[in-house]
Amino acid sequence: MKYVLMFVETEQFAKELEAMGELERDAAYEAVGRWFAENSDKITHHTHLAPVHTATTVRLQRGGEPVVTDGPFVEGKEVVSGFAEVEVADLDEALKMARSWPACPIVEIRPAS
Amino acid sequence: MTEPGPGQVSREVLARVVREHAGRLAASLMSLLGDFSAAEDLVQDAIETALRRWPVEGIPDRPEAWFFTVARRRGLDVLRRESNRRAKLAQLQWPAPAQPDDRLQLIFTCCHPALSRAAQIALTLRVVCGLSTAQIAAAFVVPEATVAQRLTRAKRKITQAGIPYRIPAADDLPQRLDGVLAVIYLLFNEGYLSSTAERAQARDLVDDAEWLAALLAGSMPNEPEVTGLLALIRLQRARGLARFDGADHLVLLADQDRSLWDREAIGQATALLMRAARAHHRPGPYQVQAAIVACHAEAQRFDDTDWPQILVLYDMLLYLAPSPITRLNRAIALRYAKGPEEALMELTELEDLQADLERYPLFHATRAELLRDVGRPEDARAYDERALSLTANPAQQALLAERLNWR
């Protein structure tokens with residue numbers, strides 16, 4: 001089955017990342033790189049998003065002009081920072097991958113087709 | 001053993017026969033069709049037919065063959081447009097191919113952590129124990145439509161999210177087993193805490209919880225916590241008769257008529273617990289809770305209770321599974337082992353640490369009891385009133401109201 005893992009950052013996590021020294025941050029990125037390498041046979045596609053302050057949202061109105069606003073579609077303390085599309089047997093395998101994710105503290109798993 | 005004939009099929013017998021066969025049928029249809037929802041619908045349909053017809057016609061000699069035939073016929077009917085599955089079902093003859101008892105897989109799927117706890121409970125009751133939607137609704141005093149919706153959503157999620165139908169891998173198993181045990185324990189508590197009057201009309205969840213624990217213990221003999229839970233349930237049940245008086249009022253442990261306790265069942269459950277503990281040396285919260293209940297159950301009179309031993313077990317339980325409720329229960333043991341003043345101090349400390357206990361009726365009831373013990377009945381009254389305003393359970397309400405009226 002195909003699933004998308006959505007990696008969700010929290011304010012707390014962003015602060016921690018910012019507070020890190022260069023060495024520490026490098027080690028964190030390395031851990032992420034290792035995770036992608038170890039799971040490369042299951043990952044079909046992945047994307048890392050630019051920070052949320054770069055987001056622009058377009059709201060299409062029936063019969064009216066689309067409204068363009070600065071910022072994400074929903075303001076919140078938790079924002080999606082990336083995606084990985086994976087091909088695994090079932091939810092348990094997807095859960096196993098998510099459990100070993102070494103970076104941001106929340107991962108949402110959705111079946112995809 | 002002959003089943004009662006038409007017109008005299010008791011609710012208990014009906015429940016027992018359905019429970020024995022529903023899960024097995026669901027498991028074989030599940031392996032055959034590979035679709036949880038479709039298999040479950042067929043089983044539920046067969047159960048509903050049985051619940052309608054058996055009270056009138058009597059229970060058939062071979063209920064499993066009867067269930068199978070009804071489900072198969074129904075399946076051929078509803079799967080008309082799904083030629084692949086229909087063909088599989090059409091080839092299937094009774095007796096169904098011999099296979100190991102795969103109800104364990106069924107339990108793990110129903111209790112998957114990707115489902116909400118409420119859905120896990122409803123699904124387990126329905127799929128593994130064979131309760132109808134109406135029976136589940138009655139047992140939890142919620143509208144039938146709510147249960148139906150919960151079940152539909154859960155089944156849809158199992159299919160669409162790819163929740164597997166198998167026993168979890170070894171590295172996942174301890175955690176997943178904890179989830180299954182939690183579901184059984186919640187079921188047991190729900191049934192055990194409701195009074196007999198409430199239960200008269202509903203199917204007894206305590207029966208289902210014990211049956212599930214026994215099924216699990218039979219399939220997983222090397223998991224002492226499973227045996228611990230089974231022993232815990234049996235030890236509690238062995239004292240069940242003494243928990244309510246003739247007027248359906250809750251009777252406190254100290255006031256219970258211990259001659260109503262089933263000493264034989266207590267002895268057997270204690271022996272079961274000891275065997276599991278000695279064979280594995282892997283203590284866990286259910287084994288320790290069962291040991292605490294066994295300590296109470298072994299005392300011939302309330303005054304014979306080995307409180308120091310119970311206190312030691314509570315310390316162990318707190319270490320294995322820290323929880324404010326356990327600390328509250330420990331405070332009660334402390335009252336008898338060391339005195340009410342010490343227990344009151346413990347409650348004050350606990351309250352500072354755990355503001356949530358403010359909403360827990362037994363916290364206030366315990367404090368009231370302790371205040372009476374130290375000769376402060378007026379202070380006690382205020383806490384009894386608090387407790388009364390917080391509980392929804394009629395038997396507990398009655399007990400607290402009685403205290404307010406009499407003391």
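## Basis of the model

Because the model is predicted, local features need pLDDT of at least 70 and side-chain atom pairs count only at pLDDT 80 or more, while totals for chains, interfaces and linings use all residues. Residues are numbered from 1 along each chain as its sequence is written, chains are lettered from A and ligands numbered from 1 in the order in which they are written, and side-chain values use heavy atoms, with hydrogens and water left out.

## Where the two chains meet

Nine residues of chain A are in contact with 12 residues of chain B, where contact means heavy atoms within 4.5 Å. The area buried between the two chains is about 820 Å², and carbon and sulfur atoms give 44% of it; buried area is the accessible area (1.4 Å probe) that two parts lose on being put together, summed over both. On the side of chain A, the residues that lose the most area to chain B are Leu91(A), Asp92(A) and Arg99(A), which together make up 55% of what that side buries.

Between chain A and chain B the count is five salt bridges, a salt bridge being a side-chain nitrogen of Lys or Arg within 4 Å of a carboxyl oxygen of Asp or Glu. The side chains of Arg99(A) and Asp172(B) meet in a salt bridge, at 3.1 Å from N to O. Helix 3 of chain A, residues 91-99, gives the most to the side that touches chain B, with five residues; helices (H or I, at least four residues) and strands (E, at least two) are DSSP runs, numbered from the N terminus.

## Asp90(A)

Asp90(A) lies in the loop between strand 5 (78-87) and helix 3 of chain A. Asp90(A) counts as buried because its relative accessibility is 8%, and buried means under 20% relative accessible area (1.4 Å probe, protein chains only). Leaving aside residues up to four places away in sequence, Asp90(A) touches Tyr3(A) in chain A, and Gly162(B), Pro164(B) and Arg166(B) in chain B.

## Chain B as a whole

The secondary structure of chain B comes to 20 helices and zero strands. Its radius of gyration is 24 Å, close to the 22 Å that the globule rule gives for 407 residues, so chain B is as compact as a globular protein of that length; the radius is taken over C-alpha atoms, and the rule is 2.2 Å times the number of residues to the power 0.38.

Buried residues make up 51% of the 407 residues in chain B.

Notes
Buried means under 20% relative accessible area, exposed over 50%, partly exposed in between (1.4 Å probe, protein chains only).
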